[in-house]
Amino acid sequence: MAADKHAAAEFPRPRNIRDIAFPEGLNGVSRQNPPRYRAGWGEFGYVLPAFFIILVFVIRVPFYRQIVAPVFLAVVLLTHSPRLLAGPQAVAIDVPRVTKVEPPNWWIGLTPDLMVLLSGHGLQVTKAACNLPEVIVERTQATQGGDYLFVWLKFGPHLRSGTIVCHLATNNGETSFELPVSNREATAQRFHGFSSDDVLYLIMPDRFANGDPTNDEPAEFPGSHDRSKPRSWHGGDLRGIREHIPYLKELGVNTLWLTPVVKNGAEQDYHGYGAVDLYAVDPHLGNLEEYKALASDLRQQRMKLFFDAVPNHVGPRHPWVAEPPLPDWFHGTARSHLDSSSPTRNSFYGKPAPTGIFNDPFGVLADPHATAAMRRNLTEGWLFGILPDMNTENPVVAKYLIQNSIWWVEMAGLDGLRVDTFPYVSRSFWQQWHAGLRRIYPNLATIGEVFSPDPTVTSFFVGGRKQWDGIDSGLTTVFDYPLFFAIRDVLAGGAPAGRIANALRQDTLYPHPERLAPFFANHDVPRMVSEAGSSPEKLLCAFALVLTLRGIPQLYYGDEIAMSGGNDPDNRRDFPGGWPGDAQNGFLESGRTPEQQKLFSAVQRLLALRREHAALRTGKLFHVFSDDDSYLFVRQTEDERLLVVFNNSTKPRTMVLPQANTPMEDALRSTAIYGDATVQIIGKEMRITAPGQSVSILSLD
Ligand SMILES: [Ca+2]
Ligand SMILES: [Ca+2]
């Protein structure tokens, strides 16, 4: 049993086994030993010596014979008669038992080894061995007085599918755990990653559609379901999403990003970012079989599924918080930890204090001159001062998290991962995490959340090259937050339209700008249509921009029917028609208002155009005009030139653009394929007239 630097870190805590309620029926648990007790006379230790001393006096002194002895015997009988009658007292010993096995199963040929984390009791093993010669126990490490056991397994090349049974012996008994291993499913239709042929659609599963009312309030979470409360669970689930795949196809999106589906613990964790079990689906949403069925149904429709990975933190109710598997499993403890808020103020870089949508100053993470003190809160602090921060610098924690991500990808055949709170995790971890995943899934896509308006910051986190710290994060791409801020500021905030060109000119900072994910809304910001200064026309312009600018667009559920809502959680309302008895059904044309149908049809049309025109997906982007009110650009391939005209003014306007030395050169005519702008080509000039507050697409030839 080799020890590593964490072995010394056990901190046994005396506990009475009778006080512990173990959950039953957990995955992979092979044998549940009932608690065993040994006989002991410890509590009566004082009685026998006292008895002999008194006996001497009783024989020699009448006072003791007549008074003291009867009183003593009466006291002993009164205080101890039940236990004396019961015989020897039961004292708990640490009989080994396993209550949880992580991961609960694995696949043959996926990795050469596996670190299994067992939870339970009395797991200070003296011997561990598995029933197959192809499985070798390399080492074990018991922690927390035997409440956890790490088991490092090595697999031989001839391992076959079945169930590995590993026996564990301790000084107090034996137990075992099972690890089913299976062949991998055919990989042809899986792990594809993504490209600009795809369009992401973000769904918060609790708020989209309720396909199974029986799971609305699981028995273990009484009082968690209440649709009238915006922070309670509302009943949406994985089956509800499966049932609405035809709707998503009809709309024209093909890649689903679901907010985390892992099991959460609190009444208000409908959003999924407070995990209590990283190897289970939250029972409000369904179960693993339901998740696999969703992935399979999507594959059949040539659609993709992205998992929301959160290696940065777990929920405050995760059992690890009370009893971490290693003392440095987290950065700090529940009692003593940093807050993730950076001590660095915006004034440090001469910037005004942020207004509007909040974001942490990740600039210090990208700054080669920053001190560790400026960075430490961000990467080691507990998010919002609440969410337990994983110590990703500990190699055992890193191994656990990498295996966990591999498990989800392999189990469901995922195409990619959306990666939560990316800057809050150490970059060395991301390098290892990506290396572990890409060794198996070279095409797997990862999109990081870097909530910053500054492209020098967002681009810093993208992989593909080493940064000043010598680290290549491995990240495929990021959500295009700088463009998000620009689109919102231009459309709702009245900023110059040229802000969009300004965001795009900084594409040079990214190794692959064509992989950026432009968006105008997600679950963390107010709905576009509800922002002050917005309008249904501006909402449609936002759709048209993210679906025609470069990159892989991401849309947010319900925006296609102009769902409204302010700050979180108001921006996460239930999709109308997702629940039996809803007054309105936005999933059906007949259930939409005329205004909603108009928007839905326009978004549908834009998505169809994107599929039909390669230039909108892969064409090179050229700015051809930009000022306070309008931004015009061309997407060009060898076969096609598309001119996109965005007029942010409420009034129609006419612009005259020279064609020379632009991709519009030699164009003789134009054909409108979307919107109402018109183009006249006179001489070597294009006279473009655009309606107020509009986006139009014209094909040039
Ligand atoms: Ca439900
Ligand atoms: Ca962190």
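Two strands are taken to pair if DSSP finds at least two bridges between them. On that basis, this predicted model contains an open sheet of 5 strands, arranged in the order β20-β21-β22-β27-β24 with antiparallel pairing. The edges of the sheet are held by β20 (620-626) and β24 (670-674); each has a single partner strand, so one side of each is left without a neighbour in the sheet. On average, and with direction ignored, neighbouring strands are turned by 25 degrees against each other.

Strand β20 runs antiparallel to β21 (residues 630-636), and 6 bridges join the two. Within this pair, F625 stands opposite L632 of β21. The sheet also carries a helix: α14 (residues 536-548) packs on it and touches β21, β22 (641-647) and β27 (694-700). The direction of α14 makes about 35 degrees with that of β27.

Turning to helix-helix packing, α9 (residues 395-412) and α10 (residues 427-440) pack at an angle of about 35 degrees, and their axes lie 10 Å apart. The crossing of these two helices, α9 and α10, is right-handed. On the α9 side, the contact is made by A398, L401, I402, S405, I406 and V409, which meet F429, Q432, W433, G436, L437 and I440 in α10. Sorted by class, the residues of this contact between α9 and α10 comprise 9 nonpolar and 3 polar ones, with no charged residues.

Terms used. Residues are numbered from 1 along each chain as its sequence is written. Chains are lettered from A and ligands numbered from 1 in the order in which they are written. This is a predicted model: local features need pLDDT of at least 70, side-chain atom pairs count only at pLDDT 80 or more; totals for chains, interfaces and linings use all residues. Helices (H or I, at least four residues) and strands (E, at least two) are DSSP runs, numbered from the N terminus. Axes are lines fitted to C-alpha atoms, for helices over the stretch in contact, and angles run from 0 to 180 degrees between N-to-C directions. Two residues are in contact if their C-beta atoms, placed from the backbone, lie within 7 Å. A crossing is left-handed if the near helix is turned anticlockwise from the far one by less than a right angle, and right-handed if clockwise. Ala, Val, Leu, Ile, Met, Phe, Trp, Tyr, Cys and Pro count as nonpolar, Asp, Glu, Lys and Arg as charged, and the others, Gly among them, as polar.
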